[in-house]
Amino acid sequence: MNQRQLAKIAKRVGFWALVGLIMLYAVFPFYYAVITSIKPSSELFRVELWPSTWNLDNYAQIFSQSSFVRAIFNSIIVAFSVVFIALLLGITASYALGRVRFRGRSTVMLVILGVSMFPQVAVLSGLFEVIRALNLYNNPAGLILSYTIFTLPFTVWVLTTFMKELPMELEEAAIMDGATPWITITKVFLPLMWPAMATTGLLAFIAAWNEFLFALTFTLTDAQRTVPVAIALLSGGSAYELPWGPIMAASVVVTVPLVILVIIFQRRIVSGLTAGAVKG
Amino acid sequence: MASVTLSKVNKIFGRDHIIKDVDLSIGDGEFVVFVGPSGCGKSTLLRLIAGLESITDGDLTIGDMLVNDLPPRERGVGMVFQSYALYPHMTVYENMAFGLKLAKASKETVDERVMSTAKILQLEDLLHRKPKALSGGQRQRVAMGRAMAREPRILLFDEPLSNLDASLRVQMRNEIARLHTRLGSTMIYVTHDQVEAMTLADKIVVLKGGHVEQVGSPYELYQRPATQFVAGFIGSPTMNFMPAELITGSSDGCRISAKGLGEIALPQSADGYNQGSPLTMGIRPEHLRLEAPTGSNCFDIVNVEYLGNEVYVYLEPKEGDTLLIHRSEAPSQWKEGQQVSLVPDIEHVHLFDENGAALLVSPTRSAA
């Protein structure tokens, strides 16, 4: 009896120790970024887990730079546009791919998946030419286009899988009620696909928000940059000094919205990722 | 309300010929049931009428209008699905109003139609609930309400009761029958359950392998099945079949020898059949009499099932392995292990030829 209780306690302690370890591993870098961002620059290289002195100078400094504020604004525009376009195209494409029987459907699906298999670097130069030809160089629209290309495959795949799971009879009922495909999608399917849309939308948002390589390559001036590039290009007092404080402050500023979004949509993401796994 | 006419309707999916030359006319206000084993094409036929599938060949007329190429919304049909297929995110009211709103009906019309439909189906208290907060029977009624709200000329039911439990099924069957009396609209109903077919239908259409096996009233189908398939499909427990052989036959009667029963004289006309033609004799379980065994007419009672109001006696012939069933009112004197002889009621014996077609009772004999 006693032994069994002990074993039980040991198991529980082990479990929570493991959880703590994983938490530490996942959260520590972010925590360190936060405390670094609120340290005065003189304290920056003193290793400590809890800052002895702190202020918000670094935040004041980055927000006083108009280029950084502008970059945040650009990022917001780009990320929301990508999410909107990806979801719009994703939903309509998934209706066609998940609901309409046509020859070559699986080929189309595989080609879509194929697009996302290339590493960014491989398509960078080609895409650069495309952007130039479309006259979108140094324009957020160029970024929106290139991010959409990379988020669409995932969006289409997830939404198609989800769309296939919706009962056929539901669509037929809508047809009997006189609904056109567009009405069926918007009035019947969309309200049922919120979990999948929240999941794919959020992932598209994160991808667009954090993307660095394209943003660096396809923009030239401060006024067109997005946040990741702006952070990387933050400069200190001299060419030999990296402004760690402001960089950390900027990182925290751009990460917090993501964390908040994930927390808001957390439950939907989970139900979206597992949707269709079990019959509801 | 409208009549429906199908003439030489065919449906081919890829290489599968699902519906073969179906001719059918459904009168205004009739309750027609399509029945058959799974895969017989009954649901496909319903979907062709609904417009959810396109007709490969043939003509479909609703009222006086050829509707082959019309989309469902222009055909004036409403459909109740097997899984109900209610819109989960809409309330009962919105579910019923959806079609009306899409048809651009005015707000007052929508309200009036939904309310009157809800009244007929006793859904008034549930109008603001979502489908997930409803019981199976209530969902079923909402599904019917949604189909009825647009006042279609024809109501289609695709196995609407198969998701309900047994007692609810009986209750809903009753409600559908009363609804038909009350609305008087043309209804077409698909089921694999022959009890639903028998109880609801004005006219039953038995389908097998994509073609119509027989069309008739429940009484006709039960009393005068046109084929061995219909004879075996309608009626529970199923009709007994035993191999037989034609001894002599003319246009006004015949003599056959049935395995185990010896020679029997029957009123069926055997015109066109040769002596010695193999036949199948069919007799329903309630049209057999059990008596003391005589000579070769001798069967073993292998099981006796007591159902309260009636008794099924299972009989095994001396040769052959097909069990025969005898049905009688309870109580029964028969016990397992006894030996008996079978006496068929000549009036109710059916004869089928090798192709399964029924031999008709000769007109001279049936008049007498």
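Predicted model: local features only at pLDDT ≥ 70, side-chain atom pairs only at ≥ 80, totals over all residues.
Residues are numbered from 1 along each chain as its sequence is written, and chains are lettered from A and ligands numbered from 1 in the order in which they are written.

**Exercise 1.** Work out how strand E17 of chain B pairs with E16(B) and with E18(B).

*Solution.* 
- Step 1. E16(B) covers residues 299-306 and E17(B) residues 310-317. Strands are DSSP runs of E, at least two residues, and helices are runs of H or I, at least four, numbered from the N terminus.
- Step 2. Seven bridges join E16(B) to E17(B), antiparallel. Strands pair if DSSP finds at least two bridges between them.
- Step 3. Take one pair: B:Val304 is bridged to B:Val313.
- Step 4. Look at the turn. Three residues separate the strands of this hairpin, and B:Gly308 there has a positive phi of about 95 degrees.
- Step 5. Turn to E18(B), residues 324-329: six bridges link it to E17(B), again antiparallel. B:Glu310 faces B:Glu329 of E18(B).

**Exercise 2.** Describe how helices H3 and H9 of chain A cross.

*Solution.* 
- Step 1. The axes of H3(A), residues 66-99, and H9(A), residues 194-210, come within 9 Å and cross at roughly 140 degrees. Axes are lines fitted to C-alpha atoms, for helices over the stretch in contact, and angles run from 0 to 180 degrees between N-to-C directions.
- Step 2. H3(A) is therefore oblique to H9(A).

Methods: Parallel < 35°, antiparallel > 145°, perpendicular 65-115°, else oblique.
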